Every structure is written in C-alpha cells, then in structure tokens.
Amino acid sequence: MLIIKDLKASIEGEEILKGINLEVKAGEVHAIMGPNGSGKSTLASVLAGRDLYRIDSGEVKYNGEDLLEKSPEERAKDGLFLGFQYPIEIPGVSMVNFMKTAINEMRRHRGEEPLSASEFLKKMREKKELVEIDSSLTNRSVNEGFSGGEKKKNEIFQMAMLEPKLAILDETDSGLDIDALKVVAKGVNNLKSSENAIIVITHYQRLLDYIVPDFVHILYRGRIVRTGGKELALLLEEKGYEWVRKEEPAGNE
Amino acid sequence: MQNEQDQILSEVTSGEYKFGFYTDIEQDSIGKGLNEDVIRTISEKKNEPEFMLEFRLKAYRHWLTMEMPRWAHLNIPEIDYQDKIYYSAPRQKAKLKSLDEVDPELLETFEKLGIPLQEQKQLAGVAVDAVMDSVSVKTTFKETLAEMGIIFCSFSEAVREYPDLVKQYMGSVVPYTDNYFAALNSAVFSDGSFCYIPKGVRCPMELSTYFRINAANTGQFERTLIVAEDNSYVSYLEGCTAPMRDENQLHAAIVEIVAMENAEVKYATVQNWYPGDKNGKGGIYNFVTKRGICKGDNSKISWTQVETGSAITWKYPSCILKGDNTTGEFYSVAVTNNHQQADTGTKMIHIGKNSRSIIVSKGISAGLSNNSYRGLVKVLRGAENARNFSQCDSLLLGDKCGAHTFPYIEADNQSAIIEHEATTSKIGEDQIFYCNQRGISTEDAIGLIVNGYAKEVLSKLPMEFAVEAQKLLQISLEGSVG
Ligand SMILES: Nc1ncnc2c1ncn2[C@@H]1O[C@H](COP(=O)(O)OP(=O)(O)OP(=O)(O)O)[C@@H](O)[C@H]1O
Ligand SMILES: [Mg+2]
C-alpha cells in the first residue's frame, strides 16, 4: 500500500529526514516511536503533502502511484488520513459543515452522489457513538476552544467519518486520559481491516496494549534505526532512547 | 515558507468579475462637464417641478464651496469632475405602458445579471426597481403593492407624482450640506428608488433596487428615499454591478430612511461594483452617504452590507436614534482584494432614552488591499441608558494587505454603556492545510473559513440573497491564499 524509499526531506536548508525506508501493507498496523525532534511529525506531514518541507530525494508509492506529486487534497481523497499532533482550530466553521464538505468531496472523487442531509446526520450519529464524542463538541466550530484531549478525540471522530485507507495518527494518544485512550483504540481497531493500514506515532507503549502493532519502528535523527515487533516497544520502555543512541553505528551523524 | 506563501499570493486572481459585460444600447446623454446649465438640463430632461431645480442649484452652489474629504484611510486620486458625464439614459419611448415597450436589450441585460424583470419570472416575493445608468428602467409588482397603499417607484416618478412627500422628506436625513459627495449627489442625482409604507402596513415582499452602471465616463448618482410610517415594516435590498472598464467611474449615492413610531426598516446591500483588475486598473469609486433616522419611539433601522466590489469604498451607513427605545443596527462584511481600498463603518447617534445600537463589522483583506473600519458611537446628554455593543473583526489573507480599525466614542451621558471588542486574525496556511488534508480544496477552504467568519452578518440577509452573498465572498477571494 505504501512504499517509502530513501526519502530525504529538509526544511530551511536543514535535513530532517535522512533516508527513510518503510513498507506498509494492507491489513498492517505500524507503530513509529522515537525521541522528540527525531522527525516523526515531519514524516507524517511529508506524506500528507505539507509544502513546508522540501523533498530532497527518494520516492513514495501509494497504491502503486507516485504520492509525492499529488496535492494534499488528492492524497486525502485517495484515502490518506492524518491525525494531527496539534489539530487546528477553524473558528466559525461548524463541525457539521466541515465534515459534510469533506465527505462529499471524497464521494465526488469516487463518483458517488453527495450524502443527503438525513444520511449524513445518521452517519454523524453512528460515528459519534462509536468514538463516544459528545454532541456538544460536534455542534461547535472545528476544534475551537476544544481542550487538548477533545481535539485528539475529534481527530479520531473525523477518521471514523472519513473511513480512510491509510491512517497516520501523530501522537493521538498524547494528553489523553485512560478512558479517552481506550476510545482512540476502539476507533482505530474499528477501522482496522484487511484493506486498510494504520501508522501510529506514539511515545508510549501503553497505547500498544490496546492497538497491537505488527511492526514497531524506531525513528532516530531522521532515520529508522530499528524495526521489530511489539517487544521492541517494551525494550524501549525499559532501556530508554539512551540505548538506541549507544547502539547507533558510528558514521551515521 | 515565506517564499511559497508569496508565490501562492502572487498567483493571478482567477476569480473573474462575472458582471463585466457592456450593453450596446442607444444612450441619451449630455456632454461632459458640470455647471448650472448642466443641472438645468438634467432637471428639464426629467420634467421636474421648480422646487427640485432649486434644491439642485442650492446643492450645487454649496458643493462649489466644499472640498473633497481627505480624512479617510484611502488613497484617492484626483478626480476631474469636469471630465465626467452627468446624465446618461438608455433611450426609450416616452411612456412605458407595459414591459413589451422596454427595449429588449435592456431586459436582456438584467436577465444576464440574474434580475429578470418579467413579473412571472421574478423571484417569488421580491419587487425590483431596476436602475441603469441614470434612470429607472422598470419597477415590478408596483400594482400589487399599490393595493396596500405602498408606493414603490423610481425617484423621478415620485418627484412628479408625490411631490409633497418628496419635498417633506428629501434631504431631511442627509441634507445637501452634509458632505462633499452628498452635495454633489443632490445637485446632479438622476434617479433612484422611492418607497413609502403607510401606517400599520407590513410590506409583504422584499423590495429591491438593482443598480447598474453601463455607459462609459458616466457618473452614477442615485438617491433612495424610504419612509416607513407608524407601525409599518419593510425589508429592502440593493444590488450593484458595472462593466469592466479601464477608467475609474464615479458613483456617489444617497440613501435616506425615515422610521416613524414602531416602524422597522431593514436595508441590505450587496455591493459588487467592478473592483478594477488585479493590477488596480479601473474600478468604481464608491462614495456613498446612507443614513436613517429612527424618528418615532420604538422604531428600528437595520443596515446589513456585503461589500465586495469597487476600487474605492467610502461609506458609513448610520442611524440617528432620535425616538426613545429605538434600535440601530449595522452588520457589515467588507472584502478587499488586489488593490481595492475600503474605508467603511457606521455612526450611531443616540438621542432618545434607552436607545440601543449594535455594530458588527467583519473586514476581510487580501492581496495588496487596504480595509478600514471607521465608526462613531455618540451618546447625547439626554440619551439615558443608551447602550452600544460593537464588534469589529479583521481577517487577513496574506501579509501584504492592511486592516485598520478607527472606533470613536463620544458619550455625554453617564448612564451610557458602550462596549467595544476587536480582533484581528489571519487565515493560516495551517488552517488551509488542515482542510486540504480532509479533501477540501484550497478555494473551498477559503470559502468555508471566510463564510464561517462572516456568518453572523450573512445570516441577517434575506434568505434568497444569503446564498448569493456567500458565493460572492468566495469568488472575490479566489486566488488569494495566505
Ligand atoms: N517549521 C519548522 N521550522 C524549523 N524546524 C522545524 C520545523 N518543523 C520541524 N522542524 C524541526 O525538525 C525536527 C523534527 O521535528 P518533528 O516535529 O518531525 O519531530 P517529532 O519527531 O515529531 O518530535 P515530537 O516527538 O516532539 O513530536 C525538529 O528538530 C524540529 O525542530
Ligand atoms: Mg511530532
């Protein structure tokens, strides 16, 4: 589904991603862990098409197509979803209007008719129940005045509404209480199928108790330096990043 | 990042002005220039009674003593008033008995603008007075309204048919001495709409005037007068467009509203004069004086404006709250893009006890434009318990445009409560990216964000026009991502 080959990207002349290689197949769940500033969000943003970053080299294939040449909205319409580490507030734009516009854009892209008002509201209701998000939130403007945790939940709600093929969740678990964490996991596990893939970026192995990953990658200074199963996350928890630092072969600086 | 933003910003505005066509129609116009003879000619051509000519001449003589106001945050090029034509009318038969006699070219023009003049094709519940260049072309639903005693006709017709009403109210809210452009208008105004709602009548449909500038080099000077008697109600809508021309055209209008006891008048404007091209060439200079007086107790006047057009806008729809318990409202969305300049706002003059006013101004600036809010809240000594609330927000797209707020407060009564809130925000690249990531294109994202921002004002427009106004906002900002 997603093949990243030797991807290098920089911002303002500074190289952040220094050659990423990653393959994600349909049906898989991948976790990416790594210390602050190692480039996790950068990778997610580059995949989503944020034009702040310059792609220096490498390629990314998404469902056989060149991902990097598509606009952010085309990528989204092709089923790529990014759960933002810091969701953005859009004052005055209601969640309902926002979601309706998004869903109908995607439907149009697939050659489907727009949802009728009642179909749309039904879907809203279903997904709201699924992710246990309060109507008082979905009746408000997009993320406006939401608490940190509410914003994260709202990302999961949007993911549930949009039903993406590939979801990249950037620290969606940070700042969540334990109940909310379970809800996030529920949202993710509900999406999980043999046709979809999920990449979760996280600092905490506790999320992986609820969302069991097939692969765990450690991103360190712009490179994936280790890949393993769930046990890698446990090892990391036990030993900390100091361990990766020590183990990193010389000459990688 | 800056570079990319600049690059996107400098991309050509793709939103073409939709109303830029020109109708080739036979015109009856007089030569360029302005003097007493020209004014006499205008008055003569319009078959006006003596009092009108006198009014015009007094205004003209006063205008000669005045100077163009320079206090607005506008860069107004020198205007050569002798280089303009002050009267131009589509030539048509002397008296129109039915629509069949209206020049088909004219009908077609208004069709193209989305304003069909055939009554059977009308938007349900909207009566239209169509004004092209200097004269009213056709007023619809006149007879239906007349049955209720409502007068809705062109200003010229009112001068001839209802001289007493005109004499009584014309200039009573905006005297010709008021300001430079009001004096000019009073001297040379050509037509406009007149509306009279008798006591106790609720006007059953939207009244609407559609102004169209067509001829080249011609100034448009129209006047609208609305009188709402005790316990009456009317909702009025004004729309404006003009062809695309390289030279700047002058528009100086006056609107006067009189609301008697318990009367309510809502006046909405969707101003979409040609704004000039993306390099700032051409466009309408829009100098307008709009003012209403809440004369009787418990009366209410509400101004709603969506200003997207014109190269220069100078406009302050105001309310004189003379009666007790009167209410004045001003809801405004002003969009400027490319090289447009707008200095707009309101004056709320509290005279009566318990008078209330609310001001909601939403400025949106993009491109290299400048957008200013200028407002005065004045509470006179006798205005016990006057209340005002003002909310003035500015939204910026990009960093080459300007937004300014000039709120003035003068309160001479201790009991007055005046609240003012102001915010400035930017449409962030991150907001747009967030929308993009949900599959929403940049143009649609701007539309969503801008309409969300202006929602409070747009919701005040009559339903039929709210949708149009929403589209207009989006179109005006196309290509101006910040
Ligand atoms: N807009 C920017 N301008 C300058 N530097 C940036 C920008 N965005 C990211 N960086 C830098 O790129 C590096 C990687 O940042 P990134 O946000 O990808 O880290 P991360 O792995 O997601 O960290 P965290 O765990 O704290 O979220 C950091 O050193 C950061 O300072
Ligand atoms: Mg991050």
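This is a predicted model: local features need pLDDT of at least 70, side-chain atom pairs count only at pLDDT 80 or more; totals for chains, interfaces and linings use all residues.
Local features need pLDDT of at least 70, side-chain atom pairs count only at pLDDT 80 or more, and totals for chains, interfaces and linings use all residues. Residues are numbered from 1 along each chain as its sequence is written, chains are lettered from A and ligands numbered from 1 in the order in which they are written, and side-chain values use heavy atoms, with hydrogens and water left out.

**The ligand site**

- Ligand 1 has 14 residues around it, and those that come nearest are Gly37(A), Lys40(A), Ser41(A), Thr42(A) and His203(A); a residue is near if one of its heavy atoms lies within 4 Å.
- Helix 1 (residues 40–48) of chain A supplies the largest share of the shell, three residues; helices (H or I, at least four residues) and strands (E, at least two) are DSSP runs, numbered from the N terminus.
- Polar contacts are pairs of N or O atoms within 3.5 Å.
- An oxygen atom of ligand 1 is 2.5 Å from an N or O atom in the side chain of Thr42(A), and an oxygen atom of ligand 1 is 2.9 Å from such an atom of Gln85(A).
- The protein buries 66% of the 640 Å² that ligand 1 exposes when taken alone (Shrake-Rupley method, 1.4 Å probe).

**The six-stranded sheet**

- In chain A, six strands form an open sheet with mixed pairing, in the order 6-9-10-3-11-12; two strands pair if DSSP finds at least two bridges between them.
- Strand 6 (80–83) and strand 12 (223–228) of chain A are at the edges with a single partner strand each, so one side of each has no neighbour in the sheet.
- From one strand to the next, the twist averages 20° (axes are lines fitted to C-alpha atoms; angles run from 0 to 180 degrees between N-to-C directions).
- Strand 3 (residues 29–33) and strand 10 (residues 197–201) of chain A run parallel and are joined by four bridges, and Ala31(A) stands opposite Val200(A) in strand 10.

**The four-stranded sheet**

- Another open sheet of chain A has four strands in the order 2-1-4-5, with antiparallel pairing.
- Strand 2 (14–24) and strand 5 (65–66) of chain A are its edge strands, each pairing on one side only.
- Eight bridges join strand 1 (residues 2–11) to strand 2 of chain A, where Glu15(A) is the bridge partner of Ser10(A).
- Helix 1 of chain A packs on this sheet, touching strand 1, strand 2 and strand 4 (54–62); contact means heavy atoms within 4.5 Å.

Conventions:
A polar contact is a pair of N or O atoms within 3.5 Å; within protein, one must be able to donate a hydrogen and the other to accept it, and residues adjacent in sequence count only if both atoms are side-chain atoms.
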